[in-house]
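Please read the points below with the model open.

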Amino acid sequence: MARIIGFFVGLGFVGVLLFSLVVNGLDYFRNPPEPTAAHEFHKHPRDAELPSAGMMGKFDRAQLQRGFQVYKEVCSACHSLKYVSFYQLHDLGYSEAEVKAIANQWATEVPTVNPDTGEPATRKALVSDRFPSPYANETAARAANNNALPPDLSLITEAREDGPNYVYSLITGYADQAGYKNDKGEELLKKFPDAATPQGLYFNPYFANLNIAMPPPLAADGQVTYADGTVATKDQMAKDIAAFLTWTAEPTLERRHSAGWAVLLFLAIATGLAYLSYRNIWAEAKRKVAPRGPLDPENKAHMDAAKAESGIAG
């Protein structure tokens with residue numbers, strides 16, 4: 001009895017779900033949602049064409065050093081790298097002495113406690129330290145940025161869809177909203193008059209809601225003077241910082257790619273050997289399928305005898 005009741009209860013739930021699905025589906029098609037400015041004018045990231053992209057991707061050490069320079073001179077004033085340590089800069093090609101100098105000369109000191117007084121204090125960074133945050137806490141960060149919280153950049157390319165291309169497109173994507181048109185040729189403020197960018201925000205079609213609190217970080221060509229002599233155009237600096245942040249999010253990318261290809265090669269060889277072994281083992285074997293059913297000679301003889309005994313023709 002309990003099973004029967006349970007069956008009908010379950011059937012009732014299924015019926016309610018189906019009814020809800022049909023009613024809501026009909027309502028969606030009868031009254032489709034109104035288009036929004038973010039949906040109609042948001043752009044997908046452009047391809048930054050970084051060397052690390054794709055299954056064969058590898059880091060360009062010179063580009064990573066340039067990207068670190070852009071972070072140091074431009075981005076570090078607001079954005080932290082709390083999951084990256086100074087010693088990891090060895091992977092970018094810096095010597096031990098250079099890494100020590102970078103840590104010692106870092107603009108933001110590491111928070112600590114004075115052992116004599118017990119009061120909060122700061123000290124110079126060590127190679128073993130992680131990059132210190134430019135703000136003491138979230139409250140201080142919001143107070144300095146019009147209540148907007150600058151995100152930590154350690155994993156930003158993993159936290160955003162198509163991360164490296166997103167970073168590159170966002171940095172280079174600031175535009176004048178007046179007269180801005182999408183790919184269909186529609187003008188934003190004519191189609192959505194209420195979508196004007198609020199005071200204190202900046203229009204950027206690559207940002208999710210089109211308006212971002214961060215001002216353009218790269219204002220002009222030559223904002224950074226590269227140590228290797230590379231011409232520092234805005235596009236070049238954006239690609240370099242995108243490459244650097246790809247490394248901070250996944251410093252083992254090259255090893256992962258190498259291991260992946262080795263695993264694929266091993267599986268291909270193992271599959272080939274398994275197939276050849278199968279062919280060798282079963283080369284002389286013949287499958288013997290015993291006849292069954294009405295075509296079995298023994299069964300057929302019994303059927304014929306029974307038919308004859310009963311006087312059935314055929």
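The notes that follow take the model point by point.

1. Basis. This is a predicted model, in which local features need pLDDT of at least 70 and side-chain atom pairs count only at pLDDT 80 or more, while totals for chains, interfaces and linings use all residues. Residues are numbered from 1 along each chain as its sequence is written, and side-chain values use heavy atoms, with hydrogens and water left out. Helices (H or I, at least four residues) and strands (E, at least two) are DSSP runs, numbered from the N terminus.

2. Main core. The largest nonpolar core has 45 residues, and Phe68, Phe86, Leu89 and Phe244 have the most contacts inside it. Such a core is a set of buried Ala, Val, Leu, Ile, Met, Phe, Trp, Tyr and Cys residues joined through side-chain atoms within 4.5 Å. Buried means under 20% relative accessible area, exposed over 50%, and partly exposed in between, with a 1.4 Å probe and protein chains only. Two or more residues each come from helix H3 (61–73), helix H4 (96–104), helix H7 (163–172) and H9. The largest share, 8 residues, is that of H9. A second, separate core of 8 residues includes Ala37, Phe41, Leu188 and Phe192. In soluble globular proteins, nonpolar side chains tend to be buried together.

3. Phe86. Contact here means heavy atoms within 4.5 Å. Leaving aside neighbours within four places in sequence, Phe86 has contacts that include Val99, Ile102, Ala103 and Trp106. Asp129 and Arg130 are also among the residues that Phe86 contacts.

4. Gln63. This residue belongs to helix H3. Gln63 counts as buried because its relative accessibility is 8%. Not counting residues up to four places away in sequence, Gln63 touches Leu50, Pro51, Gln236, Lys239, Asp240 and Ala243.

5. Helix H7. How many residues of H7 are buried? The count is 8 of its 10 residues, and the helix is mostly covered. The buried residues are Gly163, Asn165, Tyr166, Val167, Tyr168, Ser169, Leu170 and Ile171. They pack against helix H6 (156–159), E4 and H9.

6. Largest pocket. Its volume is about 690 Å³. On a 1 Å grid over the protein atoms alone, a pocket is an open set of points where a 1.4 Å probe fits, with protein on both sides within 12 Å along at least five of seven lines, and lining residues have an atom within 4 Å of a point. Grid points are joined across faces, edges and corners, and the volume is the space filled by probe spheres set on the points. Of the 30 lining residues, the closest to the centre are His79, Pro150, Pro151, Ile212 and Met214. H7, E4 and H9 each give two or more residues to the lining, and the largest share, 4 residues, comes from H7. By type, the lining divides into 24 nonpolar, 5 polar and 1 charged.

7. Positive phi. Most residues other than glycine have a negative phi. Asp162 is not a glycine, and its phi is positive, near 55 degrees. Asp162 sits in the loop between H6 and H7 and counts as partly exposed because its relative accessibility is 38%. Leu210, also not a glycine, has a positive phi of about 75 degrees. Leu210 lies in the loop between strand E3 (202–203) and E4, and is buried because its relative accessible area is 4%.

8. Helix H11. Residues 297–310 form this helix of 14 residues, which reaches 20 Å from its first C-alpha to its last, close to the 20 Å expected at 1.5 Å a residue. The expected span is 1.5 Å times one less than the number of residues. Gly311 follows H11 and has a positive phi, near 75 degrees.

9. Exposed loop residues. Ala227 is in the loop between strand E4 (211–212) and helix H9 (234–249), and is exposed because its relative accessible area is 79%. Asn147 is in the loop between helix H5 (138–144) and H6, and is exposed because its relative accessible area is 56%. Ala227 and Val14 are 213 residues apart in sequence and 67 Å apart in space, C-alpha to C-alpha. For Asn147 and Val14, 133 residues apart along the chain, the C-alpha atoms are separated by 47 Å.

Key
Ala, Val, Leu, Ile, Met, Phe, Trp, Tyr, Cys and Pro count as nonpolar, Asp, Glu, Lys and Arg as charged, and the others, Gly among them, as polar.
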